[in-house]
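Hi,

Here's the structure I said I'd pass on.

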Protein chains: 2
Amino acid sequence: MPRSVAAHRQEVVELLTGVLAGKDKIALPLLDALGRALAVDVYAPLSLPPFANSQMDGFAVRSADIPDGGAELRVAEPVPAGAAPAALKPGFAAPIMTGAMMPAGADAVVPIEKASPNTFPDPDAGQAVVELPAAPPGTYVRDSGSDIRKGTLALAAGTRMGPAQLGLLAALGMRTVDVRRPCRVLLVTTGDEVVEPGEELTAGKIFDSNGTLLEASMLQAGLDVVRAGISDDHPSGLLRVLRRHIGPADSMVDLIVTTGGVSKGAYEVVRQAMEDQPVDFLPVAMQPGGPQGLGTFDGVPFLGFPGNPVSCLVSFEMFLRPALSQILGTPAPRPVLRARLAEPLTSPEGKHQVRRGTLDPDGKVRMEGGAGSHLVHALARANALVQIPGDVTELAEGDEVEVWML
Amino acid sequence: MPRSVAAHRQEVVELLTGVLAGKDKIALPLLDALGRALAVDVYAPLSLPPFANSQMDGFAVRSADIPDGGAELRVAEPVPAGAAPAALKPGFAAPIMTGAMMPAGADAVVPIEKASPNTFPDPDAGQAVVELPAAPPGTYVRDSGSDIRKGTLALAAGTRMGPAQLGLLAALGMRTVDVRRPCRVLLVTTGDEVVEPGEELTAGKIFDSNGTLLEASMLQAGLDVVRAGISDDHPSGLLRVLRRHIGPADSMVDLIVTTGGVSKGAYEVVRQAMEDQPVDFLPVAMQPGGPQGLGTFDGVPFLGFPGNPVSCLVSFEMFLRPALSQILGTPAPRPVLRARLAEPLTSPEGKHQVRRGTLDPDGKVRMEGGAGSHLVHALARANALVQIPGDVTELAEGDEVEVWML
């Protein structure tokens, strides 16, 4: 009986967890860490804000100086942002700008709009006074540590570094961050019929699109990719290519991914090359991407994807990408939405079908191309994978389906 | 009256359309074009598939050779993928592999499972015969051009280059692609209180997080970023920084973005530096990110974002990123979902509020931090922007809201 999609994904997670969890960390400048996963818990080396500061342009006051009916206070030296102000004397109000440090003694801010006069006096024009309404302690003050306190957890290991996370580390004064060293994948496409784009295309040959499609997918997911080019359909040739790129003791790659040669035909080069290795070739109850290889080659984790471009993309999106998200915290999982079918469709019983579709702004999803796994132009029009579970064989227009946004 | 969010976004689109539409193109190797926008329409230089091929492992036959009841045919030379087969003689069936070229004369494939015997004969064992059921013309044949025909539009100008689009170009034999030269942004943070991460933090100072946060956002959106560091609060200093990075005739940058110094306080360096330039400083009916600057500086498009980190991120996500998507076709718009509030919230009347939230797998969205625009730790926990329109002042737990996934 074919393995379920979820069970195979779990096998991929188990295959990769050991080797990826053991990856060392690497310190990178903040911006180079964009999209990578934090290797360690980061604790705040200072509080944010580092000091109590004003939330408004206005007057910093001692709240006790102003009774309920308001009071007239003498105007102190203004406090611009960035200055270390002198303590505020009783009976004074200090003009203060947004973000500027509260003077010692001050515990509230009255916004300039509520002052009379409601403009700041010229600092050179001699002693001014201002009439201010009462303000309870804390009014328009951002307390030190109100965003995060020194010594508390800022970001947990595994967090994916996006703009906001990197901005937080910068606010904490950090210039570099320890991220997990990325997973390095050896990518080999196979097939006597496959030639590199730009070379001569003779009868019976096709250009290799799997290599580009998968390398781009892997780069997008934060992997380092080693391209080993195209292997022909001779097992000895494939073995040579693989062993050229992996070392016997300390492997230079964390994972091998091949395309093609995993089904039951007469010339299945990947199956044949893996005969002496602990690799399973098995059907997964999924369409496309049913035939899959999984195991280790000379001790290096190995995944064998089928040879059609759509099958390759679906294999990556359904198995390898989610496994990386789960183990490494990066890439981000694909956004999952519910959408309504713009057209009826049928699906084979017992197989989880992954169709390519376009989710339109009206929330309806149209199919791009048929079920055929060679339709790379149709794939290039799609923005979503439409998930049809194995127990569903027929859906009507308007029925709700799960879609994964690409 | 403050400008609406939609009206300001449209102003940003109009400001940038001219300069970005005029950008020249650049030919890049396919994988370097990942995430960029196609500069030209691409027409297919060949059909896909380039030749009729088999969808199954099986026997290529002349359908006319097999009556309804089936027939015994002589087995011809096998056709592996990548081979240019000889024409199929009447009365013969050729073993054929998935993806292999259909022999001239053959017009259908019978899968190996339906053959008797249901295995391929040893080619060296002399003339074999096989019993096959009837197959209508076209059965399990992928016609030449069934995915895309030579000379038709493969990808339209403006298409964002993801793995599938690059895979299609590779399948068409292309090694490079013309993409739009990316927009180059000069990014300047301002403020006497701001110091570079890693430097000494004296009283009243904070580390610059805006620069990292916005540069990361811009890199994610496919922009080239020129960082001009931090300008102090002297207009002459800011003017020097700006003019060092833009040329009078042929500008080295397409857009200037500053942070801070755009509201109505006493030390608003960006406002002051722009006094002689056609720049508007105006309130947008949005919170945070209300004060915005927009215009040109020495002829270069200019956007002035407010100085708080959350305001910067919201300004980028609400105005600049959508404008780039609309004009350039890249970056991809943020996925927009409907979610249910995990808690009640209030919002100021007449202002479009953008709250930071976490969308949980159960479809509920929790707020991260309050409305305060300095809360960068809270921002770093969020995975979504929660959109509260200006005419909504109160929402209950369970109410539906629009969220943009970050």
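**How the two chains meet**

The contact takes in 74 residues from chain B and 77 residues from chain A, where two residues touch if their C-beta atoms, placed from the backbone, lie within 7 Å. Helix α2(B) gives the most to chain B's side, with eight residues (helices are DSSP runs of H or I, at least four residues, and strands are runs of E, at least two, numbered from the N terminus).

Keep in mind that this is a predicted model: local features need pLDDT of at least 70, side-chain atom pairs count only at pLDDT 80 or more, and totals for chains, interfaces and linings use all residues. Residues are numbered from 1 along each chain as its sequence is written, while chains are lettered from A and ligands numbered from 1 in the order in which they are written.

The same surface serves both, as 100% of chain B's contact residues recur in chain A.

**A helix with two sides**

In α4(B), residues 235-245, the buried ones are Pro235(B), Leu238(B) and Leu242(B). Buried means 20 or more other C-beta atoms within 10 Å of a residue's own, exposed 12 or fewer, again placed from the backbone. The face turned away from the buried side carries the exposed Ser236(B), Arg240(B), Arg243(B) and Arg244(B). Among the elements covering the buried residues are β12 (184-190) and α5 (269-273) of chain B.

Cheers
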